[in-house]
Amino acid sequence: MFDPQHDAADRVYVFHGTGCTQVLGPAEFMDRVRTLLSAAGVVPASAPPGHPDIASRPFTAESAQHPGDGRPLPWPRERSSVAEVSVELGADAFWERVEAGSWATWQSSWPEPTHGPLFPPSPPDWLAEAPRWELDPLAPALGPAASGGWVRSPAQAWDEPGPAVPAAQANRSGGAPHHGIGLFQLTDLESFWVFAPEEDVPDVVARCEALAREHPAFSWLTGYFDARDVAGSLRLPAECLPLLEADLTAAGHPVDTWW
């Protein structure tokens, strides 16, 4: 689809849960996701999805007794830098509907009159190439929290990465825009998840370990791993979120929040 790149495109995140999909990103991009889905006959959900197969009390013994509390009540996320769109569609159905919506709205994506060749409609690059995570209730945890968490989608993220430049270094050197680091409360009020580019995860872990010297809650840092033994996400107590946000921002990382 004809869709010029925009700096904000590097701040879109896609999450595939059990029978649901959630997209987070700048409000103008989320409006365009709604347009695509609506054109394909899909009505976005009125509230974010619940994830009852993930422990809602990840840092206590109760997590083993209560692996999920059903669909949690929605809570206001007053300190969010991104908007969200949720639908009750799994990964395959979601992308099929996005493709259908691209065909249904293709005329609005091209100037009139058209000059030059026309190409088959396709989802916008900023959505198709956005990083994706899948919820794995059995994902092994390295750390004290309960098992089960977000791992990178093998449909997209298991290609061999090229040479990477950490975000802070790229920002200082004027390099290409780097994808943001998401700090999102996706499953419960007691914790939040860290979603970082794969090459930035070691730096984020090191920063958490350094912060733990003065803030013991960071000692609960837990990583969730895929079949490649690569950390797809990190989980921390909610009280760590503003501290980590400030630390990453000061280091030059682009940070997005939803909490």
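1. Contact here means heavy atoms within 4.5 Å. Keep in mind that this is a predicted model, where local features need pLDDT of at least 70 and side-chain atom pairs count only at pLDDT 80 or more, while totals for chains, interfaces and linings use all residues. Residues are numbered from 1 along each chain as its sequence is written, and side-chain values use heavy atoms, with hydrogens and water left out.

2. Now the inventory. The protein has eight helices and 11 strands; these are DSSP runs numbered from the N terminus, with helices being H or I of at least four residues and strands E of at least two. Of its 259 residues, 47% are buried. For that word and its relatives, buried is under 20% relative accessible area, exposed is over 50%, and partly exposed is in between, using a 1.4 Å probe and protein chains only.

3. Helix α1 covers residues 27–39 and helix α3 covers residues 91–104; they pack at about 90° with axes 7 Å apart. (Axes are lines fitted to C-alpha atoms, for helices over the stretch in contact, and angles run from 0 to 180 degrees between N-to-C directions.) That angle makes α1 roughly perpendicular to α3. On the scale used, under 35 degrees is roughly parallel, over 145 roughly antiparallel, 65 to 115 roughly perpendicular, and the rest oblique. The α1 side of the contact is L36, L37 and A39, and the α3 side is F94, R97, V98, G101, S102 and A104. By class, the residues of this contact are six nonpolar, two polar and one charged. The classes put Ala, Val, Leu, Ile, Met, Phe, Trp, Tyr, Cys and Pro under nonpolar, Asp, Glu, Lys and Arg under charged, and the others, Gly among them, under polar.

4. Zoom in on A39, which sits in helix α1. A39 is partly exposed, at 36% relative accessible area. Not counting residues up to four places away in sequence, A39 touches G101, A104 and T105. Its C-alpha is 6.9 Å from that of T105, although A39 and T105 are 66 residues apart along the chain.

5. Two more spots show links across the sequence. A9, in the segment before β1 (13–16), is buried at 9% relative accessibility. Beyond four places in sequence, A9 touches F29 and W126, and the C-alpha atoms of A9 and A130, 121 residues apart along the chain, are 8.0 Å apart. S86, in strand β3 (residues 83–87), is buried too, with a relative accessible area of 2%. Leaving out neighbours within four places, S86 is in contact with T21, Q22, P44, A45, A47, P48 and P49.

6. Helix α7 (residues 201–211) packs against helix α8 (residues 241–250) at about 120°, with axes 11 Å apart, so α7 and α8 are oblique to each other. The crossing of α7 past α8 is right-handed, meaning that the near helix is turned clockwise from the far one by less than a right angle, with anticlockwise counting as left-handed. V204, R207, C208 and L211 of α7 meet L243, L244, D247 and L248 of α8. That contact has six nonpolar, no polar and two charged residues.

7. F218 belongs with this picture. F218 is in the loop between α7 and β9 and is buried, with 2% relative accessible area. Apart from neighbours within four places in sequence, F218 contacts C208, L211, A212, L236, C240, L243 and L244.

8. What about disulfides? A search of the whole structure finds zero, the cut-off being a pair of cysteine sulfur atoms within 2.5 Å. C240 is in no disulfide, and the nearest cysteine sulfur, that of C208, is 7.5 Å away. C240 is buried at 1% relative accessibility, and C20 is buried as well, at 6%.

9. One backbone detail to check: D229 has a phi near 65°, a positive value in a residue other than glycine. Most residues other than glycine have a negative phi. D229 is in the loop between β9 (222–225) and β10 (231–237). Is D229 buried or exposed? At 60% relative accessibility, D229 counts as exposed.
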